[in-house]
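The following note collects points on the model for a colleague's review. Each point may be checked against the coordinates.

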Amino acid sequence: LVVDDDDAARELLCRHLARDGFRVVSASSGEAGLRLAREAVPDLITLDVCMPGMTGWEFTRKVRDEPALSEIPIVIVTMLQEAEQQYDGVAAGFLLKPVKSGDLLRVACRLTGC
């Protein structure tokens, strides 16, 4: 599940993951992402932290509070280097934008066992 309010960033992440064999669903907001997470129960979530409405932090807290979703690895994808310190202990990985395809694949495979 790719959650990012920036259309271009979201589509790029989706393309990279799909090209590497992942089945991808995406959402343009935290609220839509939470609904999709409940429906699809994905193996991995990539999450932008700076979004209008529900922030990445609120999204992460809601996912961690739901037993069916709480073990899904969340990878923070952001332009904010300090996000790693904020999300330490709740995020399984961090990628800085612009994301390189190889970096995304390495993190996704490490967390999903592909």
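1. The largest pocket. In this predicted model, the largest pocket is lined by 14 residues. Leu1, Arg23, Pro42, Asp43 and Leu44 are the lining residues that lie nearest the centre of that pocket. The space in the largest pocket comes to about 240 Å³. Sorted by class, its lining comprises 10 nonpolar, 2 polar and 2 charged residues.

2. Packing of α1 with α5. Helix α1 spans residues 7-19 and helix α5 residues 101-112; their axes come within 10 Å and cross at roughly 65°. The crossing of α1 and α5 is right-handed. On the α1 side the contact is made by Leu13, His16, Leu17 and Arg19, and on the α5 side by Ser101, Leu104 and Ala108. By class, the residues of this contact are 4 nonpolar, 2 polar and 1 charged.

3. Lys100 is located in the loop between β5 (93-96) and α5. Is Lys100 buried or exposed? Its relative accessible area is 58%, and since the cut-off for exposed is over 50%, Lys100 counts as exposed.

4. Within helix α2 (residues 30-40), the buried residues are Gly30, Ala32, Gly33, Leu34 and Ala37. Which elements are included in the cover over these buried residues of α2? Among them are strands β1 (2-3) and β2 (26-27), together with helix α3 (56-65).

5. Thr46 in strand β3. Thr46 belongs to strand β3, which covers residues 45-47. Thr46 has a relative accessibility of 1% and is therefore counted as buried, the cut-off being under 20%. Which residues is Thr46 in contact with, leaving aside its neighbours within four places in sequence? They are Leu1, Val2, Val3, Leu13, Val75, Val77 and Leu104.

Notes:
Residues numbered from 1 in each chain as written. Predicted model: local features only at pLDDT ≥ 70, side-chain atom pairs only at ≥ 80, totals over all residues. Heavy atoms only, no water. 1 Å grid on protein atoms, 1.4 Å probe; cavity = no way out; pocket = protein on both sides within 12 Å on 5 of 7 lines; lining within 4 Å. Points joined across faces, edges and corners; volume = space filled by probe spheres on them. Nonpolar A, V, L, I, M, F, W, Y, C, P; charged D, E, K, R; others polar. Axes fitted to C-alpha atoms, helices over the stretch in contact; angles between N-to-C directions. Helix = DSSP H or I, 4+ residues; strand = E, 2+ residues; numbered from the N terminus. Left-handed = near helix turned anticlockwise from the far one by under 90°. Contact = heavy atoms within 4.5 Å. Buried < 20%, exposed > 50% of the residue type's maximum accessible area, 1.4 Å probe, protein only.
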